[in-house]
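How much area is buried between chain B and chain A, and what share comes from carbon and sulfur atoms?

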Amino acid sequence: MTHTDRKVRTWGRPLLYTSYTQDMALLDTWAKKLWCGGLILFGLALSQVLVDHTLELLATAFVAAIGAIGLNIVTGYAGQVSLGHAFFLAIGAYTAAALSGDPAGRTLGFGVTNLLVWLPAAGLVAALAGVLVAPLATRLRGLYLAIVTLGLVFLGEHIFKEWDDLTGGPGVGRPAAVPDLFGWRLDQPGPLGSPEQQLYLLVLVLLVLFAIGARNLARSRIGRGFAAIRDRDIAAEVMGVPLTRYKVLAFGVSSFYAGCAGALLYSVSGGYFEAGSFSLLLSVQYIAMVLIGGVATVSGSIAGALFITLLSPVTRELPALLPFISADTTQTPNVFQVETVLYGLLIIVFLVFEPRGLYGLWLRVRTYWKSWPFSY
Amino acid sequence: MIETLIRGLGNGSVYALLALGFVIIYKATRVISFAQPSFMIAGAVAVSYLAEITGFYLAVVLAALLVAGVALVIERIAIRPMIGRPVFVIAIISLGVDVVVRVVANGFIGTDVRQVGDPWGFSLVTLGGVTIQQRWIAMFVAAAVLVGLLFLFFRHTRYGLAMRAAAFDQETALAQGVSVGMVFALSWGLAGGLAAIAGTFVGTGQGVDQLTWIIALKALPAIIVGGLDSLGGAVIGGLAIGVVESLAQSYQGDVAPWLGQNFAVVTPYVVMLVVLLVRPYGLFGTPEVERV
């Protein structure tokens, strides 16, 4: 019996599957295929429409989305709570910066500026760190694990602050990785336009690749294993999911994503970074992206990352609208305080009222229109 | 050497108070509340304002009650609706609560260091040939008294019994007429009050500023070392963490300078990792038995 001749699509019944391959497809309905293609084209078109400043912001959000997808793999799909994402981002950022750094510079550098070298290297080094941490994860579960990963952030912060040769020391910082593709400097004006346009296109392409990778992982044997571990680890082991190996794998893959995101993060925004950036607050931001976006969904991670990253420029505009909020950090209701409070409140509000996050809001809208004009 | 140990015990007793708050909430609700740092800061800030009006000692009591009240309200609004949801979700909500409360408290601190108006400051006392700061002794004594009171409370009062019963088995406790909701509220209130007192002692001498809250997170290694569900373990874990940190502060520069300056700040986390590798449930915690 072959599958190919049984793939029948009935017009108007998108959820009717006539074969397993259809059910397991990456994008299982026509609407999803159309919308995804449309969104990617829209994203590409934006690079020609928007001003450079907005493009830089969007590029940062896309990089954050890669990191959020990574956190979602370990926390959303595999259910292993990690507050240590900032640590893995930092490892990626420093690996990439050191590899592509100027050998004669003030900080450690090897002068390998090719993007195709430092990006995978950053991911792999971070993944290695994730695999080294994972043995703890296999012994611990739940909140014990959350606290251990929290400790990791503090240890990492200490190491990065002390290791001046690599990081430039606290308050000083070092240049980020140089985005160079076989001699074509993406951070200088080139054939695709301004530096911001080129970097935007680069991270858009990378985001699509990473998102497809995560979707594919989630629908594979490994992804189903992750879900089984999340729902009940002992039951998963009884069903034959090798617990230790899968937890190590989840941490490894997640850290690979985090490493790549960390490597790109400061290349697209500013090009300079400091050892104090990788604090607990950064981890909390990524947790917020995953929870606000939608746990265990790739589209949710992207939406959450866009939401959280674009939140800060929006709050920066608040003083113009609400005069009692000050833009000056020494005044009491200032924009930074408002921004931090918003993170906290948004996490609480989403968890209390819509635990599925932005993805859940989309599901509500979709369900409403699917059954319109009836209420169910 | 003895000075170092006493400094460690003084700081350790602050960690112990914070750790007790974590453990009390954990025992009642099976959740680690990440809101403790914000309660600690709120307590210290409240004391720094109240001490100018009422004097230090009354201010500490009032601040503890005030923060306990705030904790009760937060528990009712943000935590109670989430009963029955995965513990991870509730823990993250408490993280959100922490961020919000801390920003508000930090707003009251401003950019300067606020003094809590304590009578000790950095003044020294000589006991048996050893010169130590008075505040270390004050911290240790205050913590000892509070821990004693808590143990009496859990052992000899109706509410203490109710809390122990609810921690042991929630459904059976409900069936026996224990109001588990009251237990949840009480545990948050107690934890808030303890955190406020701990915050005050953190603020003695050096005062409180925007970054003081990080100290509260050192109670997390303390509870992991002691075991998440052991009150005695929390006290011993807190003291142990304090002593180790103090020893590292004094001797690490000579013994192992390659670890870098300020290594003492992260020693609690190193101790935690080592203990977890040897005993995943802490020194006094109950190993979770899983039925398949």
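About 3,700 Å² is buried between chain B and chain A, and carbon and sulfur atoms give 81% of that area; buried area is the accessible area (1.4 Å probe) that two parts lose on being put together, summed over both. This is a predicted model, in which local features need pLDDT of at least 70 and side-chain atom pairs count only at pLDDT 80 or more, while totals for chains, interfaces and linings use all residues. Residues are numbered from 1 along each chain as its sequence is written, chains are lettered from A and ligands numbered from 1 in the order in which they are written, and side-chain values use heavy atoms, with hydrogens and water left out.

**Interface of chain B and chain A**

- Between chain B and chain A the salt bridge count is zero; a salt bridge is a side-chain nitrogen of Lys or Arg within 4 Å of a carboxyl oxygen of Asp or Glu.
- One residue pair, both at pLDDT 80 or more, is in polar contact across this interface. A polar contact is a pair of N or O atoms within 3.5 Å; within protein, one must be able to donate a hydrogen and the other to accept it, and residues adjacent in sequence count only if both atoms are side-chain atoms.
- Helices (H or I, at least four residues) and strands (E, at least two) are DSSP runs, numbered from the N terminus.

**Chain B**

- Chain B has eleven helices and two strands, in the order α-α-α-α-β-β-α-α-α-α-α-α-α along the sequence.
- Its C-alpha trace spans about 60 × 50 × 35 Å along the principal axes.
- The radius of gyration of chain B is 19 Å, which agrees with the value near 19 Å for a compact globule of 292 residues; the radius is taken over C-alpha atoms, and the globule rule is 2.2 Å times the number of residues to the power 0.38.
- An unreviewed UniProt entry places "transmembrane region" at several spans of chain B, among them residues 31-50 and 56-74. UniProt positions are given in the numbering used here, feature names are shortened, and annotations may be inferred rather than shown by experiment.
- Residues 31-50 of chain B are 75% helix and 0% strand, with end C-alpha atoms 32 Å apart.
- Residues 56-74 of chain B are 100% helix and 0% strand, with end C-alpha atoms 26 Å apart.
- B:R30, not a glycine, has a positive phi of about 65° and lies in the loop between helix 1 (2-29) and helix 2 (36-54) of chain B.

**Chain A**

- Chain A has 16 helices and four strands, and its C-alpha trace spans about 65 × 50 × 45 Å along the principal axes.
- For 376 residues a compact globule would have a radius of gyration near 21 Å, and the 22 Å of chain A agrees.
- A cis peptide bond with omega of about 5° joins A:W372 and A:P373, and A:P373 is in the segment after helix 16 (357-371) of chain A.
- A:A296 has a positive phi near 60° and is found in the loop between helix 12 (280-293) and helix 13 of chain A.

**Salt bridges**

- Over all chains the count is ten salt bridges.
- A:R316 forms a salt bridge with A:E339, with the closest N and O atoms 2.9 Å apart. The pair links helix 13 (residues 298-316) and helix 15 (residues 335-353) of chain A, its two residues being 23 residues apart.
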